[in-house]
Amino acid sequence: DSITYTGGSWSGENIAMLFFTFYNDMMISATISLKPVSKQYALILFDEMVEKLNTKYHRTKKITRRYNPPFVAGDGYELLAIEEGYATISARWKFDDAEIRTYVSTDLTVLVHYENKKGVQLWKNQLGKERPKEAEINDL
């Protein structure tokens, strides 16, 4: 099951979309899409979310700011690089049974994603049981 909301605010920021996934009465994932006031603030909003999550949980060392040619950090075209898929801006917090990731998407929204590892694995296992197996040559 899943639930999707639009609008509202979270942690003082405007929500573009909020999506929850449930399995066996357990929330197994949630994604919050935050829309910056304007595109120019996408990286600032990302940095603010990283700081808020660092304060709430722990300071992560898993922060990625990677630009692929022809773009480089500091060239003034960072936002264009993200929009065109030439940059990865993300951070990750790992816990025993869960993970939180935040990243800047190609539409310059900032996404915060929570995933319960055990719940997602149970859901995937169930999906595998429900899918019909592909016919083998010998079955024809």
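The loop between strand 3 (13-23) and strand 4 (26-34) contains Asn-24 and also Asp-25, where helices (H or I, at least four residues) and strands (E, at least two) are DSSP runs numbered from the N terminus. In this predicted model, local features need pLDDT of at least 70 and side-chain atom pairs count only at pLDDT 80 or more, whereas totals for chains, interfaces and linings use all residues. Residues are numbered from 1 along each chain as its sequence is written, and side-chain values use heavy atoms, with hydrogens and water left out. Phi of Asn-24 is near 50 degrees, a positive value in a residue other than glycine, and phi of Asp-25, likewise a residue other than glycine, is positive at near 60 degrees. Asn-24 is exposed, with a relative accessible area of 58%, and Asp-25 is exposed with a value of 84%; here buried means under 20% relative accessible area, exposed over 50%, and partly exposed in between (1.4 Å probe, protein chains only).

A further backbone feature is the peptide bond from Pro-69 to Pro-70, which is cis, with omega near 15 degrees. Pro-70 lies in the loop between strand 5 (62-67) and helix 2.

In soluble globular proteins, nonpolar side chains tend to be buried together. Leaving aside its neighbours within four places in sequence, Leu-34 is in contact (heavy atoms within 4.5 Å) with residues including Trp-10, Ile-15, Leu-45, Met-49, Val-110 and Val-112.

The largest pocket has a volume of about 240 Å³. A pocket is, on a 1 Å grid over the protein atoms alone, an open set of points where a 1.4 Å probe fits, with protein on both sides within 12 Å along at least five of seven lines, and lining residues have an atom within 4 Å of a point; grid points are joined across faces, edges and corners, and the volume is the space filled by probe spheres set on the points. Of its 15 lining residues, Trp-10, Ile-32, Leu-53, Tyr-57 and Val-112 are the closest to the centre. Helix 1 gives the most to this lining, with four residues.
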